[in-house]
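Colleague: I have some questions about how the labels in this model were assigned. Can we take them one at a time?

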Amino acid sequence: MKNHVFVISLSQSGEAWLAGRRVVLSCRADELSQAVETYQRLSKVCAVECVTVTDAASIADIEPQPGWEKCPIRYFAKEQGPKGEFMDKFAVIAPLNIRFFLPASNPDNIVSVRFLVSLGFHAGVTFTSQTDWDSLTDLYYYYRYMKVGNGTIQPFEIIRRQYKEVSQFNNCCDFGGVYFAGPEYIDAKTGEEWSVTDIFGNAICAGTDEGHYKGLEESSAYRLLLRQSDRHFLDNTCCARCPGWRICLGKFHSAEGQYPACRDFFTTIIES
């Protein structure tokens, strides 16, 4: 598992097995200051990709402290919060290496993402069972043709770099890494059960023996996960016949009845 990235909690940051590993440090919003300090210490013994905040109520609640500038932060919030409060903190937020994520289920959040990138901040959207696909399509066109600001939007940015700008036969793009999802990322936060999650945060396979990751990697569920794209073609699912397959890879198949517009959305990106 040398190439895997382990998503850990603050309480695990002192464990010896982390030496030489690739790590994502996950924390609550009220732990961010402590997490940044831990990032600086932990970076001396392993490769820490970023600190990720998973439960912020709003972006406007962030209280940057001196020394945060060198720490890459991924900030997942429910909403932006009052724009006035955010702008009051603009001078201390702007120097940060931070990307803000908001759920794409709320049209107001789509507007907030536009606002953030127009100011030069990097942003992203998360998918839910209530994703507003029409607003998300509008956001993609904004990202694709915007002339102001220099912020980027995930997962559009990784799709651009890995698919739109790569001229290669049968090229595909997997944007799961934006959300620490997929076989490369091992969720080890509980310490008792290590798992792989999908882009919605659902555990899709787990290992529970004393080695945790050994039990995970050797499980039949994990081996099946590595070849999950094959299953769509063997079973002839609707995803295998979708024009947007190469940038979606069937991520919404398990809940396809709840995501009826995903086909149009990803096809729009493919064809634009």
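**Labels and their grounds**

Modeller: Start with Asp187. Leaving aside residues up to four places away in sequence, Asp187 touches Val7, Glu193, Trp194, Ser195 and Thr197. Keep in mind that this is a predicted model.

Colleague: What makes Asp187 count as buried?

Modeller: Its relative accessibility is 17%. Buried means under 20%, so Asp187 qualifies. The residue sits in strand β8, residues 185-187.

Colleague: Why is the pair Asp187 and Lys189 called a polar contact?

Modeller: The two side chains are joined at 2.8 Å. The cut-off for N or O atoms is within 3.5 Å, so the pair passes on distance.

Colleague: And Asn109: how do you know whether it is buried or exposed?

Modeller: Asn109 has a relative accessible area of 3%. The limit for buried is under 20%, so Asn109 is buried. Asn109 lies in helix α4.

Colleague: Which backbone atom does the side chain of Asn109 reach?

Modeller: The backbone oxygen of Lys78, at 3.2 Å. Contacts of Asn109 beyond four places in sequence are Lys78, Glu79, Gln80, Leu102 and Pro103.

Colleague: What makes strand β6 largely enclosed?

Modeller: Four of its five residues, within 122-126, are buried, so the rest of the structure largely encloses β6.

Colleague: How do you know that β5 and β6 pair?

Modeller: Five bridges join β5, residues 98-103, to β6. Pairing needs at least two bridges, so the label holds. The two strands run parallel. Leu102 stands opposite Val125 in β6.

Colleague: How many bridges link β6 and β7?

Modeller: Two, in the parallel sense. The threshold is at least two, so β6 and β7 pair. Gly124 has Gln154 in β7 as its bridge partner. With helix α5, residues 133-145, β6 and β7 make a right-handed β-α-β unit.

Colleague: Last one. Which residues of helix α1 are buried?

Modeller: In α1, residues 32-42, they are Leu32, Ala35, Val36, Thr38, Tyr39 and Leu42. They cover an arc of only 165° around the axis, so they lie on the same side of α1.

Colleague: What do the buried residues of α1 pack against?

Modeller: Four strands: β1 (5-9), β2 (22-27), β3 (47-58) and β4 (73-79).

Conventions. Residues are numbered from 1 along each chain as its sequence is written. This is a predicted model: local features need pLDDT of at least 70, side-chain atom pairs count only at pLDDT 80 or more; totals for chains, interfaces and linings use all residues. Side-chain values use heavy atoms; hydrogens and water are left out. Buried means under 20% relative accessible area, exposed over 50%, partly exposed in between (1.4 Å probe, protein chains only). The arc is that of the directions from the helix axis to the C-beta atoms. Contact means heavy atoms within 4.5 Å. A crossover is right-handed if, with the strands pointing away from the viewer, the path from the first strand over the helix to the second runs clockwise. A polar contact is a pair of N or O atoms within 3.5 Å; within protein, one must be able to donate a hydrogen and the other to accept it, and residues adjacent in sequence count only if both atoms are side-chain atoms.
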